[in-house]
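Reader: Before we discuss this model, please show me the sequence and the structure side by side.

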Amino acid sequence: KNVITKVDVIGNKLSNEIGAKRILNEAFHETLLSLDNGEKRFTYSIDDGPDAVSKDNVEGYVGEVSVFSVSDNDTSFVLWTSQWEATKEDGVADFCNPVYHALLQDLKSHFS
């Protein structure tokens, strides 16, 4: 558990400012593209990373996370989608799906 063990902030932008950059686990380089607190949604790009999501293999990787209330007892549904264009090999979904599943499990554990 606890998939993200290290976060390095790049630059001077706050984590909730559009354009904020960070490196997760010394591997995933991300940029915040949009944030809508009212809609409970944000988008980000993966600018570089290991293996299948490296800048040499993927262009235009954009992830979107949306949170929807589904009941009166503070239960929520998280929809995490992504799109990209593979330039060399297409193993992005196989690489990312287990990571996203683990992140969602960590999120669930945190709020349970």
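Reader: In what order do the strands of the open sheet lie?

Author: This is a predicted model, in which local features need pLDDT of at least 70 and side-chain atom pairs count only at pLDDT 80 or more, while totals for chains, interfaces and linings use all residues. Residues are numbered from 1 along each chain as its sequence is written, and side-chain values use heavy atoms, with hydrogens and water left out. Strands are DSSP runs of E with at least two residues, helices are runs of H or I with at least four, both numbered from the N terminus, and two strands pair if DSSP finds at least two bridges between them. On that basis the open sheet has six strands with antiparallel pairing, in the order E1-E2-E3-E4-E5-E6.

Reader: Which strands stand at the edges of this sheet?

Author: An edge strand has a single partner strand, so one side of it is left without a neighbour in the sheet. The strands in that position are E1 (7-10) and E6.

Reader: How many bridges join E5 to E6?

Author: E5 (residues 58-69) also pairs with E4 (residues 41-48), in the antiparallel sense and over five bridges, with Ser45 having Val62 as its bridge partner in E5. Towards E6 (residues 76-86), E5 again runs antiparallel, and Glu59 stands opposite Glu85 in E6. The number of bridges joining E5 to E6 is 10.

Reader: Within what arc do the buried residues of H1 fall, seen down its axis?

Author: The buried residues of H1 are Val92, Cys96, Tyr100, Leu103 and Asp106, whereas the face turned away from them carries the exposed residues Asp94, His101 and Lys108. The arc is that of the directions from the helix axis to the C-beta atoms. The buried residues line one face of H1, so the arc that holds them is 115 degrees.

Key: Buried < 20%, exposed > 50% of the residue type's maximum accessible area, 1.4 Å probe, protein only.
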